Protein chains: 2
Amino acid sequence: MTKKQDVMFKKMALIGIGLIGSSIARAARQKGLVTEISCSARTHDTRRTALELGVVDEAFEQAIDAVKDADLVILCTPVGTYEKLAEEIAPVLKKGALVSDVGSVKQMVVEAMEPHIPEGVDFVPGHPISGTEKSGPAAGFAELFENRWCILTPSRKSTEEAVEKLSDFWKGLGSDIEVMDPRHHDLVLAITSHIPHLVAYNIVGTADDLEEVTQSEVIKYSAGGFRDFTRLAASDPTMWRDVFLHNKEAVLEMLGRFSEDLTALQRAIRWGDGDALFQMFSRTRAIRRQIIDAGQETAEADFGRSTHIED
Amino acid sequence: MTKKQDVMFKKMALIGIGLIGSSIARAARQKGLVTEISCSARTHDTRRTALELGVVDEAFEQAIDAVKDADLVILCTPVGTYEKLAEEIAPVLKKGALVSDVGSVKQMVVEAMEPHIPEGVDFVPGHPISGTEKSGPAAGFAELFENRWCILTPSRKSTEEAVEKLSDFWKGLGSDIEVMDPRHHDLVLAITSHIPHLVAYNIVGTADDLEEVTQSEVIKYSAGGFRDFTRLAASDPTMWRDVFLHNKEAVLEMLGRFSEDLTALQRAIRWGDGDALFQMFSRTRAIRRQIIDAGQETAEADFGRSTHIED
């Protein structure tokens, strides 16, 4: 797993060094894909933590200082910051550098960044489909991307050579690669990631607002199913605000379908239509089986939580 | 964990021997709470598996044969079967026996069973808040109830002595006990368990129906959040059909609130109200923290799934 590979980029700059940024740094260093790593982060604490953990060589407050002489620049901040950052770093980007990102929406990233990318600099947006509910540089780990998909969404400015280079980089981090149209990415992620997060945030909020059921009761009896939603609902609020603001169309489209289907279930409950409920509940098992077979989930019952009993 | 305790019931009869029934059998045997265990199950395969696993001493097709001479009878079948079962077993119940169940709804259980319980037989409905997405006798394990809550919902026929006895039995299996009014139980579980399952079934169904996004894409990119819902959506369809048919009022009430809240989020997305989204996404982290502190969830990032990499 820690097999060293050939150095692909002399210097890598990470704009933002949270869960994803710091995991890229750890993995790239461990696999020997880069020689030098710089980063930028707005807060002093984050920069100090990243330096103390040894995941970067240099940490700056301003992105413009981190990207100097970098051969690979990856934006790892909430997508709402991208346009301004692209504008800021454009003048100092090294000729021949490759600029990418890890944002959860892609069409908007192309629109916000591409106009600012100077001639002679490559631009290939990307999105690793992995993460945890934790945030910050200390939460990262080198194995985060192993056996997970990374989607690249080339724009008109992306050369084939650059796509291939970025693809090799992510393969080096352990990922499988898929190349996709940015708009299609946004639709796929709306249902596989954005709606699940929205629904999770929503149900936790609904439970928190009840008067008839106390918060203490919600917490005590959460093993009945509720707790499964709290992991997603503990994700970074700024990142997710930006996702919903910037993938509006696809999210509203999928949300419309979700709500229609939920109304049908509601109606089946109201009218006591057991056959409709049974039919609906029967067809969903197969999908989980396939997700486990595809290596995207563990088959341990209850994720092994029930057997992790401490004495 | 395997400390032997005093025998509490000479013979225990389990009507139904799936995940919960077989876990009760294993735990009660391991802790030495019962001497003899009989069960009933409709299908021959289930009876054979239960006998082969050694979790029961006897297995019958008919409940009436299993409950003969039993001191403790626990219904572990979908709640829709309870009324008929109560009527069937009533004539052969031993004087002084204690009848209970593990159903996920409770007011309906009181209404369906209580009228059939004969004089001299105790009746105390119960609900262990634990389980996994797996079904069948082979899926059970003795530790399932450890550090989990078991809610008892006494009816008018429940004597204080019987409540205490059942409470001691579940404590013996490793559970913490809460005594609650059946109607309040149904409201609490509607939000902590029933709505989460309904929403999980629904989102998996919505994803399955899309034309723009293929099933293969949903599976490949499920690590973005979708997979968290598939565990609940892999639960037993018959059990869950019965839950929704028999906790209609509370589920419809909670579903109404959930949908209202979701509409508010939808509106915030449509109008680009980032502040409302941020505020909503910020208040949900604290609840997860409390669930972890209460021992009802593991704190491992991503449930430790991302670090379970196989080489």
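Colleague: At what angle do H7(B) and H11(B) pack, and how far apart are their axes?

Modeller: In this predicted model, H7(B) packs against H11(B) at an angle of about 55°, and their axes are 9 Å apart. That angle makes H7(B) oblique to H11(B).

Colleague: Which hand does the crossing of H7(B) and H11(B) have?

Modeller: The crossing of these two helices, H7(B) and H11(B), is right-handed.

Colleague: Which residues meet there, in H7(B) and in H11(B)?

Modeller: H7(B) brings Asp186(B), Leu187(B), Ala190(B), Ile191(B), His194(B) and Ile195(B). On the H11(B) side they meet Ala250(B), Val251(B), Met254(B), Leu255(B) and Phe258(B). By class, the contact of H7(B) with H11(B) holds nine nonpolar residues, one polar residue and one charged residue.

Colleague: Let us turn to the two chains. How many residues of chain B are in contact with chain A?

Modeller: On chain B, 100 residues are in contact with 100 residues of chain A.

Colleague: Which elements of chain B give two or more residues to that side?

Modeller: They are helix H7 (182-209), helix H8 (215-220), helix H9 (227-232), helix H10 (237-246), helix H11 (248-270), helix H12 (274-282) and helix H13 (285-293) of chain B. H7(B) gives the most, with 19 residues.

Colleague: And how do the residues on that side of chain B divide by class?

Modeller: The side of chain B that touches chain A has 50 nonpolar, 26 polar and 24 charged residues.

Colleague: What about H7(A) and H7(B): how do their axes cross?

Modeller: The axes of H7(A), residues 182-209 of chain A, and H7(B) come within 11 Å and cross at roughly 160°. H7(A) is therefore roughly antiparallel to H7(B). Their crossing is right-handed.

Colleague: Which residues of H7(A) and H7(B) meet?

Modeller: From H7(A) come Ile191(A), Ile195(A), Pro196(A), Val199(A), Ile203(A) and Ala207(A). These meet Ile191(B), Ile195(B), Pro196(B), Val199(B), Ile203(B) and Ala207(B) in H7(B). The residues of this contact divide into 12 nonpolar, no polar and no charged.

Colleague: Which residues make the contact between H7(A) and H11(B)?

Modeller: In H7(A) they are Leu198(A), Asn202(A), Ile203(A), Gly205(A) and Thr206(A). Their partners in H11(B) are Arg257(B), Phe258(B), Asp261(B), Leu262(B) and Leu265(B). By class, the contact of H7(A) with H11(B) has five nonpolar, three polar and two charged residues. Phe258(B) meets H7(A) here, and Phe258(B) is also listed in the contact of H11(B) with H7(B).

Colleague: New topic: which domains does the assignment give for chain A?

Modeller: The domain assignment of chain A gives domain 1 (9-180) and domain 2 (184-296). Taken over C-alpha atoms, the centres of domain 1 of chain A and domain 2 of chain A are separated by 30 Å.

Colleague: How many residues does the contact take from each domain of chain A?

Modeller: The contact takes 15 residues from domain 1 of chain A and 18 residues from domain 2 of chain A. The side of domain 1 of chain A that touches domain 2 of chain A has six nonpolar, seven polar and two charged residues.

Technical notes: Residues are numbered from 1 along each chain as its sequence is written. Chains are lettered from A and ligands numbered from 1 in the order in which they are written. This is a predicted model: local features need pLDDT of at least 70, side-chain atom pairs count only at pLDDT 80 or more; totals for chains, interfaces and linings use all residues. Two residues are in contact if their C-beta atoms, placed from the backbone, lie within 7 Å. Helices (H or I, at least four residues) and strands (E, at least two) are DSSP runs, numbered from the N terminus. Ala, Val, Leu, Ile, Met, Phe, Trp, Tyr, Cys and Pro count as nonpolar, Asp, Glu, Lys and Arg as charged, and the others, Gly among them, as polar. Axes are lines fitted to C-alpha atoms, for helices over the stretch in contact, and angles run from 0 to 180 degrees between N-to-C directions. Angles under 35 degrees count as roughly parallel, over 145 as roughly antiparallel, 65 to 115 as roughly perpendicular and the rest as oblique. A crossing is left-handed if the near helix is turned anticlockwise from the far one by less than a right angle, and right-handed if clockwise. Domain bounds come from an automatic or database domain assignment.
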